[in-house]
Amino acid sequence: MEPEVAVSLFLPARLRASPLLFCKLSATHVLGHHPYTNIDGADPDIFTAAGEVADIRRIKWSQKWLSRYFYQHVYVPILYCFLGIKSRLQDFGILYHMKNSAVRLNRPSASQWAVFIAGKCIHVIYRFVIPAFFMPWYLNLALNAIGEMCGSYWLALIFQTSHVVSEVEWPKPNKDNVIHSDWAELQVATTQDYATDSWFWTVFTGALNHQTTHHLFPGVIQSHYRKITPIVRQTCEEFGVQYHYVETMTEALLCHVNHLKKLGQSAENSEQKTK
């Protein structure tokens, strides 16, 4: 198995701690995020809380601006270390409501519920119960906290740098709820690649720094992305389609932080921007 493939399979599943949820949410990712990338209300990966309780961050112009967002570019990246814990707790809500943002789930069978509960129990046993026989509780908690933070940052920043940036498009449907765009062109327009010539980042992001290729060819194994990406770039240039790319991971991270700062310090909304 290629190293980038192993990385991409291991860490997301580890954060979920349940094979059932990992499979089901992978399905909603394919059915929601991939065909409707960055489309508010359709892409579950950019879902934000609505109603009286506002989301902890503002990433879309459609969200109401609050004064607390002014410094979100400082505190939100820090809070990404809790993504793993949030995901595991969110699993229960998703299964209860049978819905992940705008994507509905089929109701699990009794055996699937058993797998879900067993997965959660096994996670607690191997992360907390078994280590308790070999180390003090405070050391166990400290090591788990470090693991949580590393895994959470890895997953959060890889995806945020590819889609939640101002450099890409955030398509808005017309009054008939239709977007007049070719599917492949939409994938390129809403995605940013970074450091695709870097062996290190290709391996340790599971090749998801080749995010445009991942969206255009989601069924192709990651080990081929390095060969496909140059073809995608050449094709975009040939047909006049803008290909979003930055040279380094640092630049990609700055794009996301600057996006948070831009939306956090501007009280404009989507209606004002379209006037």
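**Reading a predicted fold, feature by feature**

Guide: Start in helix 4, residues 83-97, where Leu95 lies. Keep in mind that this is a predicted model.

Visitor: Is Leu95 buried or exposed?

Guide: The cut-off for buried is under 20% relative accessible area. Leu95 has 2%, so Leu95 is buried.

Visitor: Which other residues of helix 4 are buried?

Guide: Gly84, Ser87, Arg88, Asp91 and Ile94 are buried along with Leu95.

Visitor: What span does helix 4 reach from its first C-alpha to its last?

Guide: Helix 4 has 15 residues and reaches 20 Å. That is close to the 21 Å expected at 1.5 Å a residue.

Visitor: Where does helix 4 bend?

Guide: Look at Gln90. The bend there is about 30°.

Visitor: What are the phi values of Asn177 and Ala207?

Guide: Both are positive cases. Asn177 is not a glycine, yet its phi is about 65°. Ala207 is a residue other than glycine too, with phi near 70°.

Visitor: Where do Asn177 and Ala207 sit?

Guide: In loops. Asn177 is in the loop between helix 6 and helix 7 (183-189). Ala207 is in the loop between helix 8 (199-204) and helix 9 (211-216).

Visitor: Which counts as exposed, Asn177 or Ala207?

Guide: Exposed needs over 50% relative accessible area. Asn177 has 64%, so Asn177 counts as exposed. Ala207 has 0%, so Ala207 is buried.

Visitor: Now a charged side chain. Is Lys60 buried or exposed?

Guide: Lys60 has a relative accessible area of 6%, so Lys60 is buried. Its place is the loop between helix 2 (19-33) and helix 3 (72-79).

Visitor: Which residues is Lys60 in contact with, leaving aside neighbours within four places in sequence?

Guide: Lys60 is in contact with Asp40, Ile46, Phe47, Thr48, Trp170 and Leu263.

Visitor: And Arg226: where is its place?

Guide: Arg226 is in helix 10, residues 225-239. At 33% relative accessibility, Arg226 counts as partly exposed. From Arg226 to His210 is 16 residues in sequence and 7.6 Å in space, C-alpha to C-alpha.

Visitor: How should I read aromatic pairs?

Guide: Two values describe a pair of aromatic rings: the distance of the centres and the angle of the planes. The structure holds 7 aromatic pairs. One of them joins Phe70 and Tyr71, edge-to-face, at 5.1 Å centre to centre and 75° between the planes. Phe200 and Trp201 also form an edge-to-face pair, at 5.0 Å and 85°.

Visitor: What are the relative accessible areas of Phe70 and Tyr71?

Guide: Phe70 has 32% and is partly exposed. Tyr71 has 53% and is exposed.

Visitor: What are those of Phe200 and Trp201?

Guide: Phe200 is partly exposed at 41%. Trp201 is partly exposed at 29%.

Visitor: Which residues make up the largest nonpolar core?

Guide: The core has 12 residues in all, among them Trp154, Leu155, Ile158, Tyr194, Val246, Met249 and Ala252. The elements that give two or more residues to this core are helix 6 (137-163) and helix 11 (249-264).

Visitor: What does Tyr194 touch, not counting residues up to four places away in sequence?

Guide: Its partners include Ile158, Val246, Met249 and Ala252, plus Thr161, Asn209 and Tyr245. Tyr245 has another partner to note. Arg233 lies over the face of Tyr245, 4.4 Å from the ring centre.

Visitor: Last, the whole chain. How many helices and strands does the protein chain have?

Guide: The protein chain has 12 helices and 4 strands. Of its 275 residues, 45% are buried. Now take the contacts with a separation of 6 or more: residues 24 or more positions apart account for 66% of them.

Terms used
Residues are numbered from 1 along each chain as its sequence is written. This is a predicted model: local features need pLDDT of at least 70, side-chain atom pairs count only at pLDDT 80 or more; totals for chains, interfaces and linings use all residues. Side-chain values use heavy atoms; hydrogens and water are left out. Buried means under 20% relative accessible area, exposed over 50%, partly exposed in between (1.4 Å probe, protein chains only). Contact means heavy atoms within 4.5 Å. The expected span of a helix is 1.5 Å times one less than its number of residues. The bend at a residue is the angle between axes fitted to the seven residues ending there and the seven starting there. A nonpolar core is a set of buried Ala, Val, Leu, Ile, Met, Phe, Trp, Tyr and Cys residues joined through side-chain atoms within 4.5 Å. Rings of Phe, Tyr and Trp (its six-membered ring) pair if their centres lie within 6.5 Å; planes under 30 degrees apart count as stacked, over 60 as edge-to-face and the rest as tilted. A charge sits over a ring if NZ of Lys or CZ of Arg is within 6 Å of the ring centre and within 35 degrees of the ring normal.
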